[in-house]
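This report describes how selected parts of a protein chain are arranged. Please examine the sequence and the structure before reading further.

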Amino acid sequence: MNTPAPAVEARQLIKTYPGDVTALSGMDVTVEPGTVFGLLGPNGAGKSTTVKILTTLARPDSGTATVAGHDVLRHPDRVRRAIGVVAQKSGADPVATGRENLQLQGRLYGLRGAALRRRVDELLARFHLADAAGRQVKGYSGGMQRRLDVALGLVHRPEVLFLDEPTTGLDPEARTAMWDEITRLAGDEGLTILLTTHYLEEADRLAERIAIVDRGRVVVEGTPDALKGELRGDAVHMELREAVGDSGRTSLKDSLSALPGVHEVLFDGRRISVRAEDGAAAVPALLGALERVGVGVAAATVARPSLDDVYLRYAGRRYADAEAAADSAESTESTENLALAGGA
Ligand SMILES: Nc1ncnc2c1ncn2[C@@H]1O[C@H](COP(=O)(O)OP(=O)(O)O)[C@@H](O)[C@H]1O
Ligand SMILES: [Mg+2]
């Protein structure tokens, strides 16, 4: 039997920006047709840059990519006809109505007359925007705007839909509604979805396969369950009263690893995280071992494995810390508009 060609295939993408910023350092992505694939990573990991290259809005310094079977560098026009893009920042015209936005997008893709009207009505109904169709988009709620963005990306019935952070900035209720929309889209025949997110929970819930991205490359890839399943036992996180020096770490690591049922001791600033067959049972022994060498523990928590733990294991730092580091480094980020105007 033939295996179908991947809907998206990127190999060793490298992209640097002026000022020596390495956005991608060898990004590999393969997405099978008809599946939902999640690129999960903190701010600054390179998710949007990957999407921009795959949607022909940016060129890599090196590396190759095909989307829907077309080479993004050699046949960008073919790629654009095959894809829908929902950029991280909305491309809708705020002073036009929802219906006008959809009509314009449809015309850009060659739809006219009754076919255009039908498609616009269909999308307005599908995304619960029919009642708001005649209102200016600037008066829409965040969730309504985002639903319109997705509708705009679907006007020309693309084979591959790119959703760059579809729920960032939405309140919890609108986020849940968007998850339902994406889940329904995923059921559409043949549609392939590549979404990016910095929410672990979102990737876990929506994507059949996840690639965890850190510093411009994929650090691990698999199904959410397989990724979580790799982490045997519980995670025990201990918050230390003070940081331990490099030499102290080595000997601490040895003595903690030697405790029964304990494996994988990871240091991260003032935290120690270990894997234990039975987390609750291991806590007294861990605290005792730390106390014997004079290391004070402020707090200890036991948790079932989560994607957060997978991230810590493969990226070597905690997800929240990676986010915080990126946020402080990114205060100067530009407000470029990434709307893909037409392309037919
Ligand atoms: N137009 C740009 N000019 C300079 N640096 C950029 C530009 N776009 C992105 N970067 C930098 O490239 C890195 C990756 O950014 P991006 O792909 O937007 O990450 P993500 O979408 O995962 O948050 C970051 O360090 C970011 O600051
Ligand atoms: Mg981004």
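## The open sheet

In this predicted model, six strands form an open sheet with mixed pairing, and their order is 6-7-8-3-9-10. Strands of a sheet pair through backbone hydrogen bonds, and the pairing may be parallel or antiparallel. At the edges stand strand 6 (83-86) and strand 10 (217-222); each has a single partner strand, so one side of each is left without a neighbour in the sheet. From one strand to the next, the twist averages 15°.

How many bridges join strand 6 to strand 7? There are four bridges between strand 6 and strand 7 (residues 160-164), and the two strands run parallel. Valine 86 has leucine 163, in strand 7, as its bridge partner.

## Helices across the sheet

Helix 5 lies across strand 6 and strand 7, and its direction is at about 160° to strand 6. Helix 11 (residues 307-315) lies across strand 9 (209-214) and strand 10, running at about 45° to strand 9.

Helix 4 comprises 14 residues (residues 113-126). At 1.5 Å a residue, helix 4 should span 20 Å, and this agrees with its end C-alpha atoms, which are 20 Å apart. Histidine 128 follows helix 4 and has a positive phi, near 55°.

Which residues of helix 4 are buried? They are Arg119, Val120, Leu123 and Leu124. Seen down the axis of helix 4, the buried residues fall within an arc of 130°, and they therefore line one face of the helix. An α-helix has 3.6 residues a turn, so residues three or four places apart point the same way. Helix 3 (98-108) and helix 5 (142-154) are included in what covers the buried residues of helix 4. On the other side of helix 4, the residues Ala114, Ala115, Arg118 and Ala125 are exposed.

## The nonpolar cores

The largest nonpolar core has 68 residues. Those that touch the most other members are Val8, Leu54, Ala151, Phe162, Leu194 and Ile212. Leaving aside residues up to four places away in sequence, isoleucine 212 touches Leu40, Gly41, Val218, Val219, Val220, Val310, Tyr311, Tyr314 and Ala315.

There is also a second, separate core of 11 residues, among them Ile272, Val274, Ala282 and Leu290.

How values were computed
Residues are numbered from 1 along each chain as its sequence is written. Chains are lettered from A and ligands numbered from 1 in the order in which they are written. This is a predicted model: local features need pLDDT of at least 70, side-chain atom pairs count only at pLDDT 80 or more; totals for chains, interfaces and linings use all residues. The expected span of a helix is 1.5 Å times one less than its number of residues. A residue is buried if 20 or more other C-beta atoms lie within 10 Å of its own, exposed if 12 or fewer, and partly exposed in between; C-beta atoms are placed from the backbone. The arc is that of the directions from the helix axis to the C-beta atoms. Two residues are in contact if their C-beta atoms, placed from the backbone, lie within 7 Å. A nonpolar core is a set of buried Ala, Val, Leu, Ile, Met, Phe, Trp, Tyr and Cys residues joined through C-beta atoms within 7 Å. Two strands pair if DSSP finds at least two bridges between them. Axes are lines fitted to C-alpha atoms, for helices over the stretch in contact, and angles run from 0 to 180 degrees between N-to-C directions.
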